[in-house]
Amino acid sequence: MAAGIRDKVAIVGMGCTRFGERWDVGADGLMVEAFAEALADAGIERARIDAAWVGNALDDINVGNSALPAAHALRLDKVPVTRVENMCATGTEALRGAAYAVASGAVDVALAIGVEKLKDTGYGGLPLRTKGVQNDLWMPYGSAPGTFAQLAGAYAARHGVDAGDLKRAMAHVSWKSHQNGALSPKAHLRGAVDMDKILNAPLIADPLGLFDCCGVSDGAAAAIVTTPEIARALGKADPVTIKAIQLSASNGWEMQFGQWDGASVPNTRAAAARAYAEAGIRDPRAELDLTEVHDCFSITELVIMEDLGLSDDGRAPADIMDGRYDREGAIPCQLDGGLKCFGHPVGASGLRMAYEVYNQLQGRAGERQRAKADFGLTHNLGGSPFNSVAAVAILGRLN
Amino acid sequence: MAHGITAVGGYLPLLRLDRKAAARELSWSGLPMPRAGTRAVAGWDEDALTMAVEAARGLMADAPPAALRFASTSAYFTDRAQSAIAVDALALPRSTRSTDAANSRRAATGALLDALLGQASEIVTAGEKRRTQAGSAAQLAFGDGASAVRTGPDAAARLAGHATLSHDLIDRYASQDHPASYAYEERFVRDVAVAELLVPAIKAACADAGIAPSALAHAACAEPVAATWKAVARALGCPASNHCESVTAHAGDLGAAHALYGLGLAFAAAQPGDFVLLVGFGSGVDALVFEVLAPVPGAVDMAAGLSAGQPLTSYSRFLNLAGSVDLDWGMRSEFEQKAQATVLERIGRDMIGFVGGRDSLGNVQFPKSPMPVNPALDKPEVLEDVRLAELEATIVSVTADRLNYTPDPPFDFGLVQFDNGARVLMEMVDRPDGGFAVGQRVRMRLRIKSQNPRLGFRTYFWKAAPLARPQLGEA
């Protein structure tokens with residue numbers, strides 16, 4: 001395996017808008033909001049940005065194609081700007097592009113920014129799109145909850161888990177995120193919700209109820225990355241560094257070849273294994289202090305805990321019910337509320353996850369602050385369980 | 001061996017509406033409604049073509065037919081041959097002659113007569129899903145369904161005689177400006193149909209067969225209005241029961257498919273040596289007399305099909321499926337697909353034929369791809385065609401999606417695994433009472449995949465359905 005980029009890239013500034021139903025602002029305003037906070041945090045001027053990667057997954061919803069909407073919004077003058085799109089893993093993909101540019105020595109300072117303006121669709125849930133004129137001839141048009149709901153039945157069948165027990169564990173996932181979201185000032189959904197309400201909510205896609213599904217939001221998040229040397233020069237004595245960023249994409253094996261049991265997301269496992277190796281993490285259960293994972297649906301988070309190696313296969317429901325991933329648990333998950341409550345403006349989510357870990361590592365997470373926060377993991381999942389792009393990033397401190 | 005009918009097939013959609021319950025919903029109006037029996041109701045994604053293909057699926061035999069004739073008065077496309085689409089859906093050679101017969105409920109019997117007179121091996125398949133107006137008697141009297149006949153040598157029933165009368169008696173009609181069937185007074189229709197069309201034509205067909213009408217053991221006579229056969233039988237001195245009445249009672253008037261479905265029931269009840277009458281009605285009469293030589297393959301299954309299905313208890317759901325109400329499904333329903341002819345030309349045959357590919361190591365995949373999905377292969381190769389439509393599969397994962405727009409929620413879909421290795425993400429149809437479950441075995445059904453009403457186009461693909469249907473209780 002290649003040496004990787006561990007500690008070759010520092011994050012010197014981050015910004016994140018309030019996520020939610022941002023009727024008041026367009027995609028350009030969201031990007032400016034996140035960018036301005038990141039610049040202030042980094043303590044640099046806009047002119048220091050050598051290159052930028054903008055992540056935006058659903059370009060037809062009021063953002064627009066290409067790099068130009070971001071270049072226009074941020075008035076980046078003759079800067080190489082690249083738009084990236086990798087479904088819901090887009091935010092981390094933008095960070096990966098910026099980080100690789102710095103690590104390669106091609107640029108000194110790079111911007112990663114993700115944005116989505118979903119509430120201009122006019123309806124709840126993600127917008128509908130063609131799957132391409134060829135796939136449209138055969139591929140079903142399931143909704144996002146419809147695709148991820150299928151993890152539940154397959155998981156229950158694979159591990160012999162009672163459907164009621166699984167539903168309660170899923171409900172605990174959402175309950176926990178609502179508890180955390182209530183402490184997160186920029187979160188979309190800030191109300192705590194009791195278990196009965198979660199368990200008795202209307203079904204969206206069997207067995208997922210309303211509270212098993214994350215919020216669909218407007219928002220943007222940004223990161224400014226540079227070399228550790230420049231970070232120190234900017235006054236960041238012990239900067240947050242990227243320990244690893246790894247990505248894995250389906251080649252059709254899950255949905256076309258008859259071996260996958262439907263109870264896990266193989267790309268998460270592949271990306272995590274490579275990220276642990278890149279970061280030098282041998283025992284993630286002991287070494288990771290917190291995770292921000294792609295909890296688009298409660299069952300997704302449950303399965304991710306196993307895919308990341310934090311629970312044994314078949315044990316995630318029990319670990320969840322034991323509180324391992326609660327705020328005071330051994331490895332808290334979604335301290336900021338996660339996709340579930342912080343919200344999910346698709347192109348921004350991967351960077352929003354990094355924003356929470358970045359703040360936790362620097363002791364800036366307010367009421368949510370974890371006492372020990374040396375290593376944090378973000379997991380960003382695009383597509384569906386059977387056709388996915390999984391991105392795993394690990395952040396820590398340089399020293 | 002004699003040339004004639006070698007096999008028959010039928011298809012009825014899953015749902016059955018209790019006419020009495022439906023009529024009760026309209027009792028306040030005082031409108032006259034048929035109240036006896038049930039009506040077969042097609043799914044939103046079924047049309048005359050999909051059902052006609054389903055009816056013909058069991059008629060493939062050892063060798064493909066020389067021709068496929070499709071008959072319907074409700075075919076979706078008016079300048080795109082349903083028969084040519086069916087050739088691909090049934091994976092028949094493109095050298096198969098294809099013809100659409102339309103514009104009369106008699107289209108199927110006329111096509112069958114032509115096939116029989118041509119002494120060729122052919123498939124005649126008829127499907128019907130007619131537009132009706134809420135409140136009309138026709139909406140409850142009609143049914144959706146299909147029937148098919150295979151002709152060829154080594155027949156189980158031979159054509160003994162026949163007669164045709166072309167007579168523009170307007171018992172009912174549909175037109176471009178009035179696509180829902182418009183019916184005239186029943187007593188007028190019955191009197192004229194019996195005296196001027198049916199009795200003369202049946203007499204002539206029996207004479208051609210060299211038998212008296214009293215020698216007919218069974219009849220399959222499509223009646224323009226109820227009790228027509230009773231009057232015909234009295235006039236002819238014919239004791240045969242009319243099996244089309246069973247179709248009407250259990251499934252409804254299937255239009256162009258009606259007489260052939262009744263013929264299947266007649267064959268199921270007949271013994272070798274019996275004479276069976278087939279009558280198609282509409283703008284005239286086709287009367288065909290068959291001598292049964294042996295049990296007719298497929299006939300018993302057609303009879304069994306009448307009693308299998310699922311009660312449709314919601315009248316408003318029926319109105320929705322029948323296209324009689326225009327519900328506001330919200331913004332998600334505004335999503336529009338446009339199929340491209342270039343893509344259909346490139347891969348459409350694999351789609352509607354559900355043809356996957358076998359790689360050099362024996363694994364099958366769908367769709368085919370230049371680079372096999374099999375991880376053991378790392379070079380491009382040409383995959384061998386494998387038809388999946390006739391195979392069973394097992395559900396790997398599934399959900400009932402209640403967010404996604406579908407005209408008849410919920411939207412069931414998931415991964416299904418074929419025993420030959422192919423794994424396909426598929427929609428599921430004919431939802432059982434308890435829904436679908438992981439591990440359940442499924443079979444494939446041809447359905448509408450997408451429709452674009454604005455552009456007047458639809459595409460077809462296969463969907464997974466339970467292997468068997470539940471038995472209906474007594475209606």
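In chain B of this predicted model, residues 24 or more positions apart account for 73% of the contacts with a separation of 6 or more.

Chain B holds 12 helices and 23 strands. Its radius of gyration is 23 Å, close to the 23 Å that the globule rule gives for 475 residues, so chain B is as compact as a globular protein of that length. The C-alpha trace of chain B spans about 75 × 60 × 40 Å along its principal axes. As for burial, 52% of the 475 residues of chain B count as buried.

Let me now direct your attention to one strand, β14 of chain B, residues 284-292. Of its 9 residues, 8 are buried, so the strand is largely enclosed by the rest of the structure. Which strands run antiparallel to β14(B)? One is β8 of chain B, residues 157-166, joined to β14(B) by 9 bridges. Another is β13 of chain B, residues 275-281, joined to β14(B) by 7 bridges. As a general point, strands of a sheet pair through backbone hydrogen bonds, either parallel or antiparallel. Returning to our example, β13(B) and β14(B) form a hairpin, with 2 residues between the strands. In the turn of this hairpin, B:Gly282 has a positive phi of about 150°.

We come to the domains of chain B. The assignment gives domain 1 as residues 4-321 and domain 2 as residues 338-465. The C-alpha centres of these two domains of chain B lie 31 Å apart. Where they meet, 16 residues of domain 1 of chain B are in contact with 15 residues of domain 2 of chain B. On the domain 1 side, α2 (48-56), α3 (82-89) and α11 (315-321) of chain B each supply at least two residues. By class, that side of domain 1 of chain B has 8 nonpolar, 3 polar and 5 charged residues.

How many residues of chain B are in contact with chain A? There are 42, and they meet 34 residues of chain A. Several elements of chain B each supply at least two residues to this side: α12 (341-352), β19 (393-401), β20 (411-418), β21 (423-427), β22 (441-452) and β23 (457-466). The strand β19(B) gives the most, with 6 residues. The side of chain B that touches chain A has 20 nonpolar, 16 polar and 6 charged residues.

In chain A, 9 strands form an open sheet with mixed pairing, in the order β3-β2-β4-β7-β1-β8-β11-β10-β9. At its edges stand β3 (81-84) and β9 (290-292) of chain A, each of which pairs on one side only. From one strand to the next, the twist averages 25°. Within this order, β4 (residues 109-117) and β7 (residues 218-226) of chain A pair in the antiparallel sense over 9 bridges. One of the pairs that illustrates this is A:Lys117 with its bridge partner in β7(A), A:Asp218.

A helix packs on this sheet: α3 of chain A, residues 90-103. It touches several strands of chain A, among them β2 (51-55), β8 (240-249), β10 (376-384) and β11 (387-397). The direction of α3(A) makes about 170° with that of β4(A).

Domain 1 of chain A comprises 10-121 + 218-240, and domain 2 of chain A comprises 144-212 + 242-397. Taken over C-alpha atoms, 24 Å separate the centres of these domains of chain A. Their contact takes 35 residues from domain 1 of chain A and 34 residues from domain 2 of chain A. On the domain 1 side, β1 (10-16), α3, β4 and β7 of chain A each supply at least two residues. Which element of chain A provides the largest share of that side? It is α3(A), with 8 residues. The residues of this side of domain 1 of chain A divide into 20 nonpolar, 9 polar and 6 charged.

Terms used:
Residues are numbered from 1 along each chain as its sequence is written. Chains are lettered from A and ligands numbered from 1 in the order in which they are written. This is a predicted model: local features need pLDDT of at least 70, side-chain atom pairs count only at pLDDT 80 or more; totals for chains, interfaces and linings use all residues. Two residues are in contact if their C-beta atoms, placed from the backbone, lie within 7 Å. Helices (H or I, at least four residues) and strands (E, at least two) are DSSP runs, numbered from the N terminus. Ala, Val, Leu, Ile, Met, Phe, Trp, Tyr, Cys and Pro count as nonpolar, Asp, Glu, Lys and Arg as charged, and the others, Gly among them, as polar. Two strands pair if DSSP finds at least two bridges between them. Axes are lines fitted to C-alpha atoms, for helices over the stretch in contact, and angles run from 0 to 180 degrees between N-to-C directions. Domain bounds come from an automatic or database domain assignment. A residue is buried if 20 or more other C-beta atoms lie within 10 Å of its own, exposed if 12 or fewer, and partly exposed in between; C-beta atoms are placed from the backbone. The radius of gyration is taken over C-alpha atoms; the globule rule is 2.2 Å times the number of residues to the power 0.38.
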